[in-house]
Amino acid sequence: MIASVAGRVAAVSPDGAVVEVGGIGLAVQCTPGTIARLQVGEQARLATSLVVREDSLTLYGFADDDERQLFELLQTANGVGPRLAQAVLAIHPPRDVRRAVATADLKALMQVPGIGKKGAERLVLELRDRLGSATGDTSLDAGAAAAGATGSTVAAVAPWRDQLTTALVGLGWSVREAEGALAQLAPVVDEQIADTGSVDVAVLLRQALRLLGRA
């Protein structure tokens, strides 16, 4: 079991990153929200979960240990594999997943691509007593801060738009659909800039995914 990796971010793609550990580049599959926290050339720490299949070894990376634990718990539900569990966390932060399951909020769970009404009902039935109560916001843990991870907030300049577009296209939407979602989020961007002087990519990404899911 590889519980975490820490090192220099060598590359970032729409569906993951390469982290150099001891001279070896480890490919790590991540949600867009986690990817948005990473910067090439910077140090970062990711909590990880290794999924072993007969013909592959896949390392999944998360912003913190809570996300990784929820990723693994989601897979204990019937019909939920690592890809679907990762999709859940791409749409909702752990707090919102726990709240949706605890309150049987099927509509929230059905925002995840690949989860229909029956799948949402199954998640509630099988996981309600196992996920725990909804907690406060999760963030990069102390290890990530010590390693120099940058967090999800980036300067309010053009690159944030490119990050979001790339992430959405990587999840299967067209450039036109991605740009349409970002246009709808313009008031949110203006509010973030007015309040903090920066843009929170992870928050915008989740909102864009909700918009596209409803569409």
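Let's start with P82, which has a relative accessibility of 9% and therefore counts as buried (buried means under 20% relative accessible area, exposed over 50% and partly exposed in between, with a 1.4 Å probe and protein chains only). You'll find P82 in helix 3, residues 82–91. Helices here are DSSP runs of H or I with at least four residues, strands are runs of E with at least two, and both are numbered from the N terminus. Which residues does P82 touch once its neighbours within four places in sequence are left aside? They are V51, R53, Y60, F71 and Q75, where a contact means heavy atoms within 4.5 Å. P82 and E72 sit ten residues apart in sequence, and their C-alpha atoms are 8.0 Å apart in space.

Before going on, keep in mind that this is a predicted model, in which local features need pLDDT of at least 70 and side-chain atom pairs count only at pLDDT 80 or more, while totals for chains, interfaces and linings use all residues. Residues are numbered from 1 along each chain as its sequence is written, and side-chain values use heavy atoms, with hydrogens and water left out.

A pair of aromatic rings is described by the distance of the centres and the angle of the planes. Rings of Phe, Tyr and Trp (its six-membered ring) pair if their centres lie within 6.5 Å; planes under 30 degrees apart are stacked, over 60 edge-to-face, and the rest tilted. That rule gives two aromatic pairs. Y60 and F71 make a tilted one, at 5.1 Å centre to centre with 40 degrees between the planes. Y60 belongs to strand 5 (residues 56–62) and F71 to helix 2 (residues 65–74), so this pair ties together parts that are eleven residues apart in sequence. F62 and F71 have ring centres 4.7 Å apart and planes at 45 degrees, so that pair is tilted too.

Now hop over to helix 6 (residues 117–127), where G119, A120, L123, V124 and L127 are buried. Looking down the axis of helix 6, you'd see the buried residues fall within an arc of 140 degrees, so they line one face of the helix; the arc is that of the directions from the helix axis to the C-beta atoms. These buried residues pack against helix 2, helix 4 (94–102) and helix 5 (106–109). Turned away from the buried side, the other face of helix 6 carries the exposed residues K117, K118 and L125.

Time to zoom out. The protein chain has eleven helices and seven strands, and 45% of its 215 residues count as buried. Among contacts with a separation of 6 or more, 59% join residues 24 or more positions apart.

How far can you trust the picture? The chain averages a pLDDT of 81, and 84% of the residues score at least 70; pLDDT is the predictor's confidence in each residue, from 0 to 100. Over residues 135–158, though, pLDDT stays under 50. Where pLDDT is low, the predicted coordinates should not be read in detail.
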